[in-house]
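Student: I would like a close look at a single part of this model. Please answer at length and connect that part with the rest.

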Amino acid sequence: MEHVLRVEKLSKDAILHEVSFSVAQGEMLAIMGPSGSGKSTLLYQAAGMDRPSGGRVWLKDTEITGLTEDQRAQLRLHRIGFVFQQMNMMANLSLLDNILLPAIQANKSRSQKTKKELTMRARELMQKLSLSGLEERRITEVSGGQLQRACICRSMINAPQIVLADEPTGALNKSAAEEVMAELVRLNREGTSVLMVTHDGRIAGSCHRILYLLDGRICGERILGKPAGESSKQREEQVNRWLAGMGW
């Protein structure tokens, strides 16, 4: 099985301790654990946003940890999508322009597409995520669920090999969280690998596999597989029983 992302004995100061795992092509993997266990730190290290104190991270055949800061920034721009909990959209731009930003930046080095082609790609993504008609809205003029779906569009604009999501539903109400998770699941079914940090057993139930992080170490793994007839409620119950056994 081909691996999109491999983490080997990753350490970060006193936060992470020789964490190893991989994400397969087309897999949706959740990282869970109590507050302060190192989940977000792990995600940021895997994305190359910070340099670890030990270990290595590979994106397919590229060792991220061996790159310079500028090289890591270029790799994130072209090959990794990232969805933040706090969304990090620019308030002075429309939703469409926020989504276009990384595409325009990436196109400066590639010079492959016109602005019209990039805009068409952004509009197609917005249509896919039920955001058509909101292109010119500012971020203060849409709901939290719509804004986070726009963030997913932004993460997908450069056709990344993997999307990393840090508590993508953590700031949303239940209905908005379900909307956002449905879109991540759909993107995953279309072939995009997803690595997600979440504290929500219902959200984790949509994933194929869960890793449990405690005090910077992986202490457990639950393989759920792809949904095969179980209801979302049944998968959530499986996750919650497993979490209870882990001391959640």
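Student: What does Glu190 count as, and at which relative accessibility?

Tutor: Glu190 counts as partly exposed, because its relative accessibility is 44% (buried means under 20% relative accessible area, exposed over 50%, partly exposed in between, with a 1.4 Å probe and protein chains only). The model is predicted, so local features need pLDDT of at least 70 and side-chain atom pairs count only at pLDDT 80 or more, while totals for chains, interfaces and linings use all residues. Residues are numbered from 1 along each chain as its sequence is written, and side-chain values use heavy atoms, with hydrogens and water left out.

Glu190 forms a salt bridge with Lys128, and their closest N and O atoms are 3.1 Å apart (a salt bridge is a side-chain nitrogen of Lys or Arg within 4 Å of a carboxyl oxygen of Asp or Glu). Lys128 belongs to helix α4 (residues 115–128), whereas Glu190 sits in the loop between α6 (174–189) and β8 (193–197), so the pair ties together parts 62 residues apart in sequence. (Helices, H or I with at least four residues, and strands, E with at least two, are DSSP runs numbered from the N terminus.) Lys128 also counts as partly exposed, at 40% relative accessibility.

Another salt bridge joins the side chains of Lys12 and Asp13, at 3.8 Å from N to O.

Lys12 is in strand β1 (residues 3–12), and six bridges join β1 to β2, the two running antiparallel. Leu5 has Val23 in β2 as its bridge partner. These strands belong to an open sheet of four strands in the order β2-β1-β4-β5, with antiparallel pairing (two strands pair if DSSP finds at least two bridges between them). Because β2 and β5 (62–63) stand at the edges with a single partner strand each, one side of each has no neighbour in the sheet.

Among the helices, α5 is mostly covered, with eleven of its 13 residues buried. These include Gly145, Leu147, Gln148 and Arg149.

As for the chain as a whole, its secondary structure comes to eight helices and ten strands. Its radius of gyration is 18 Å, close to the 18 Å that the globule rule gives for 248 residues, so the chain is as compact as a globular protein of that length (the radius is taken over C-alpha atoms, and the rule is 2.2 Å times the number of residues to the power 0.38). The C-alpha atoms fill a box of roughly 50 × 40 × 35 Å along the principal axes. Of the 248 residues, 52% are buried.
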